[in-house]
Amino acid sequence: MLDPIIKVEDYTFYYPDSQVPALAGINLAVRPGEFVGLTGPTGAGKTTLTLVLNGIIPNFQGGRLAGRVTIAGRDTAATPCARLAGIIGSVFQDPEAQLVAETVEDELAFGLENLAVPREEMQARIAAALEMVGITALCHRSLRQLSGGQKQKVAIAAAVALRPRVLVLDEPTSELDPRGTMEVIALLARLNREYGMTILLIEQKVSILAPLVPRLVCLHQGRIVADAAPRQVLAQEKLVAELGLEVPPVTALFRLLSRTGVYHGDLPLAVDQGRRELDRLLGM
Ligand SMILES: Nc1ncnc2c1ncn2[C@@H]1O[C@H](COP(=O)(O)OP(=O)(O)OP(=O)(O)O)[C@@H](O)[C@H]1O
Ligand SMILES: [Mg+2]
């Protein structure tokens with residue numbers, strides 16, 4: 001098996017002056033090419049974990065900590081954030097807050113300049129990232145004229161242009177409308193499938209993650225309380241209730257059908273799976 005690209009070992013973190021750990025005894029290993037979903041209720045520690053992975057904790061945000069985090073073998077506490085940015089790309093909730101330039105092209109160039117990528121290589125990298133994300137046509141557009149979904153794709157392209165080994169996205173669709181959400185989710189699935197990009201997607205809505213990722217990690221009060229295939233996680237009714245996880249409606253319906261003895265198969269996670277199971281059930 002390939003060595004983990006993200007390795008979090010016995011990691012505990014307290015924000016300054018806090019008596020309660022934001023992260024407590026976290027162990028997490030993610031291997032190259034994995035697509036991992038991370039969920040949990042508000043305040044569970046999801047954003048804190050992203051800040052730990054991209055080195056903002058402890059390089060910019062202080063606090064008390066124990067344990068170790070390595071990204072592609074580098075200890076994040078001993079690696080400057082700018083260096084880590086070339087290894088682990090971050091995309092945040094609000095596309096407005098993370099875009100700094102006037103045009104799409106300049107936005108991508110900005111990150112590459114910070115990494116001191118030679119000028120002659122920059123154009124090729126920008127073109128490749130725009131192509132990967134499917135927004136080549138937006139290259140010369142002003143960021144102000146783009147939709148929320150398009151802006152979020154620019155933020156993803158800007159991260160991808162740095163050729164990171166891992167992409168971490170902290171609720172990237174929470175500010176988007178349903179269409180923008182669908183577009184960004186489809187893009188992430190494609191980056192993982194076609195380019196083998198390692199992705200950690202943080203998302204409160206399990207209905208988005210369940211049909212998308214093979215592995216779902218649940219955080220609760222700073223601890224990992226589940227790390228398994230979404231179907232296995234959703235089968236734990238007590239956990240689902242305790243964390244207030246939003247189960248996909250089709251999964252909830254089939255759970256009801258299994259409980260009443262009408263259905264015996266695997267719980268479907270997406271509507272099209274549910275439809276197939278229903279057709280089978282009705283002998284169609
Ligand atoms: N800068 C900070 N200083 C002190 N405490 C903080 C700080 N940022 C977060 N916390 C606390 O750390 C805990 C984890 O917060 P975090 O933002 O990581 O949760 P989250 O899972 O991302 O929540 P949400 O779903 O609301 O984004 C919470 O109890 C929060 O109040
Ligand atoms: Mg958060």
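This report describes the sheets, the ligand site and some single residues of a predicted model.

## The six-stranded sheet

Six strands make up an open sheet, and their order is β6-β7-β8-β3-β9-β10. The pairing in this sheet is mixed. Its edge strands are β6 (88-91) and β10, each of which pairs on one side only. On average, neighbouring strands of this sheet are turned by 20 degrees against each other, with direction ignored.

As background, strands of a sheet pair through backbone hydrogen bonds, and the pairing is either parallel or antiparallel. Both senses occur around β9. Strand β3 (residues 35-39) pairs with β9 in the parallel sense, while β9 and strand β10 (residues 223-228) pair in the antiparallel sense.

How many of the six residues of strand β9 are buried? Six of the six residues in this strand (residues 215-220) are buried, so β9 is largely enclosed by the rest of the structure. The cut-off for "buried" is a relative accessible area under 20%. The side chains of β9 point two ways: Arg215, Val217 and Leu219 point one way, and Leu216, Cys218 and His220 point the other way. The residues on both sides are buried.

The pairing of β3 with β9 runs over four bridges. Within it, glycine 37 has leucine 216 of β9 as its bridge partner, and leucine 38 stands opposite valine 217 in β9. The pairing of β9 with β10 runs over five bridges. Here valine 217 stands opposite aspartate 227 in β10. Strands β9 and β10 form a hairpin with two residues between the strands. In this hairpin, glutamine 221 takes a positive phi near 50 degrees.

## The four-stranded sheet

A further open sheet has four strands in the order β2-β1-β4-β5, and its pairing is antiparallel. The edge strands are β2 (23-30) and β5 (74-75), each pairing on one side only.

Strand β1 (residues 6-14) pairs with β2 in the antiparallel sense over five bridges. In this pairing, the partner of tyrosine 11 is isoleucine 26 in β2.

## Around ligand 1

Which residues surround ligand 1? The shell consists of Tyr15, Ala22, Pro41, Thr42, Gly43, Ala44, Gly45, Lys46, Thr47, Thr48, Glu171 and Gln204. These shell residues divide into four nonpolar, six polar and two charged.

For lysine 46, an N or O atom in the side chain is 2.7 Å from an oxygen atom of ligand 1. For threonine 47, the corresponding distance from a side-chain N or O atom to an oxygen atom of ligand 1 is 2.8 Å. Glutamine 204 has a polar side-chain atom that lies 2.8 Å from an oxygen atom of ligand 1. On its own, ligand 1 has 640 Å² of accessible area, and the protein covers 58% of that area.

## Backbone exceptions

Most residues other than glycine have a negative phi, and most peptide bonds are trans. Some residues in this model depart from that pattern.

Aspartate 17 has a phi near 65 degrees, which is positive although the residue is not glycine. Aspartate 17 sits in the loop between β1 and β2 and is exposed, with a relative accessible area of 79%. Alanine 116 also has a positive phi, of about 60 degrees. Its place is in the loop between α5 (104-114) and α6 (119-133). Is alanine 116 buried or exposed? Alanine 116 is exposed, and its relative accessible area is 63%.

The peptide bond from isoleucine 57 to proline 58 is cis, with omega near 5 degrees. Proline 58 lies in helix α2 (residues 56-59).

## Valine 271

Valine 271 belongs to helix α13 (residues 271-281). Valine 271 is exposed, since its relative accessible area is 56% and the cut-off for "exposed" is over 50%. In sequence, valine 271 and leucine 209 are 62 residues apart, and in space they are 13 Å apart from C-alpha to C-alpha.

Notes:
Residues are numbered from 1 along each chain as its sequence is written. Chains are lettered from A and ligands numbered from 1 in the order in which they are written. This is a predicted model: local features need pLDDT of at least 70, side-chain atom pairs count only at pLDDT 80 or more; totals for chains, interfaces and linings use all residues. Side-chain values use heavy atoms; hydrogens and water are left out. Buried means under 20% relative accessible area, exposed over 50%, partly exposed in between (1.4 Å probe, protein chains only). Two strands pair if DSSP finds at least two bridges between them. A residue is near a molecule or strand if one of its heavy atoms lies within 4 Å of it. A polar contact is a pair of N or O atoms within 3.5 Å; within protein, one must be able to donate a hydrogen and the other to accept it, and residues adjacent in sequence count only if both atoms are side-chain atoms. Accessible areas come from the Shrake-Rupley method with a 1.4 Å probe; for residues, only the protein chains shown count as cover. Ala, Val, Leu, Ile, Met, Phe, Trp, Tyr, Cys and Pro count as nonpolar, Asp, Glu, Lys and Arg as charged, and the others, Gly among them, as polar. Axes are lines fitted to C-alpha atoms, for helices over the stretch in contact, and angles run from 0 to 180 degrees between N-to-C directions.
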